[in-house]
Amino acid sequence: RYRGDIKKICDFVYPQIGLITSIGEQHLESFKTIEGVAKTKSELLRAIPKKNETSFSNMYGAVNGNAKCAIFLPSDGAFCSKLYEEEKERNKFSYGIHDKKASVYAKDMKVSPQGCEFTAVTSIGEIKCKSKLLGELNIQNILGAIAIAVYLGLSKEQIARGVTKIEPIEHRLQLLPNPNGSIVIDDAFNSNPVGSKMALDVLKSFEGRKIIITPGMVELGEKEVMLNREFGRHMAKCVDIAILVGVKRSKAMEEGLRENGFDPMHIYVVSNLEEATQKLAELTIPGDVILFENDLPDNYNE
């Protein structure tokens, strides 16, 4: 959440491999600008030993005395790509969904409520992959892991088998079937603009009536109102019922919903999660798909 946090961890664990998944509009309340986010995340890259340096692990004979040190960055056409281009002193690799120039990229992607399938194109050949994880953004994350696996010498068969074994992380687009015939998508962990859009796109891919419960996004500084309004606009295209948590906080989302022609009779504003759960119990019918999007920090007050 603050500058120096990542460096502090790196000074403790001496990482040999560093991977950044994204640099986006998150924690702007403390970082102020996306450039501040980029500078802080790059603390990880600067902690990785350079090509001509001996890593801390090497000094103690780890990894057969020959630690492979490298950095891995997504090919996003923005801040991560810039960091990749600027890096001249470390082993570096890129990964991306659509960038055929990346070290590892994906083709033949299929995303469904059952998970995702794609072919990873790597330096050791093409790898057909299948995963339970939901959403296109998770393909991007898997590609980062594949890039590291290739670098560390795993075979295509080992990598494909590993991808199938990946389990959803708790509260990260976690699918939770309910005994009442509805489906819950739990994405309640620390939402950001990119992640919230992907969660809505995942929700939209399901059959049945779609319900969202969300307090919106926080810790976005001066952009918080604007980004939550945009969240509401996108929400209007993907949901049938919106349960918004927080009377003051939800105003920007409600404005975004209404601006995109969403029926105000299907917007419910509640004060807390307990009220949201009660409202959900009143509204839910078998076949509904319910997205819980974002939770609030323990120290957050409206």
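I took a salt bridge to be a side-chain nitrogen of Lys or Arg within 4 Å of a carboxyl oxygen of Asp or Glu. The model is predicted, so I noted that local features need pLDDT of at least 70 and side-chain atom pairs count only at pLDDT 80 or more, while totals for chains, interfaces and linings use all residues. Residues are numbered from 1 along each chain as its sequence is written, and side-chain values use heavy atoms, with hydrogens and water left out.

**Entry 1, salt bridges**

I looked up the salt-bridge count, and it comes to 13. One of them joins K107 and E126, at 2.7 Å from N to O. K107 is in strand β4 (residues 104–112) and E126 in strand β6 (residues 125–131), 19 residues apart. I used DSSP runs for these elements, numbered from the N terminus: helices are H or I with at least four residues, strands are E with at least two. For accessibility I used relative accessible area: buried is under 20%, exposed is over 50%, partly exposed is in between (1.4 Å probe, protein chains only). K107 is partly exposed at 30%, and E126 is partly exposed at 44%.

Next I checked K197, which forms a salt bridge with D201, the closest N and O atoms being 3.3 Å apart. The two are four residues apart in helix α8 (residues 193–204), so about one helical turn separates K197 from D201. K197 is partly exposed at 43%, as is D201 at 33%.

I then found E259 and R229 in a salt bridge of 3.9 Å, N to O. E259 belongs to helix α10 (residues 251–259) and R229 to helix α9 (residues 224–236), 30 residues apart. A network of salt bridges links R229, E230, R233, E255 and E259.

I counted rings of Phe, Tyr and Trp (its six-membered ring) as a pair if their centres lie within 6.5 Å; planes under 30 degrees apart are stacked, over 60 edge-to-face, and the rest tilted. The structure holds three such pairs. F72 and F93 are stacked, at 5.3 Å centre to centre and 20 degrees between the planes. F72 is in strand β2 (residues 70–74) and F93 in strand β3 (residues 92–96), 21 residues apart. F72 is buried at 0% relative accessibility, whereas F93 is partly exposed at 25%.

F72 also pairs edge-to-face with Y151, at 5.9 Å and 70 degrees. Y151 lies in helix α6 (residues 136–151) and F72 in strand β2, so the pair ties together parts 79 residues apart in sequence. Y151 counts as buried at 17%. F72, F93 and Y151 make one aromatic cluster.
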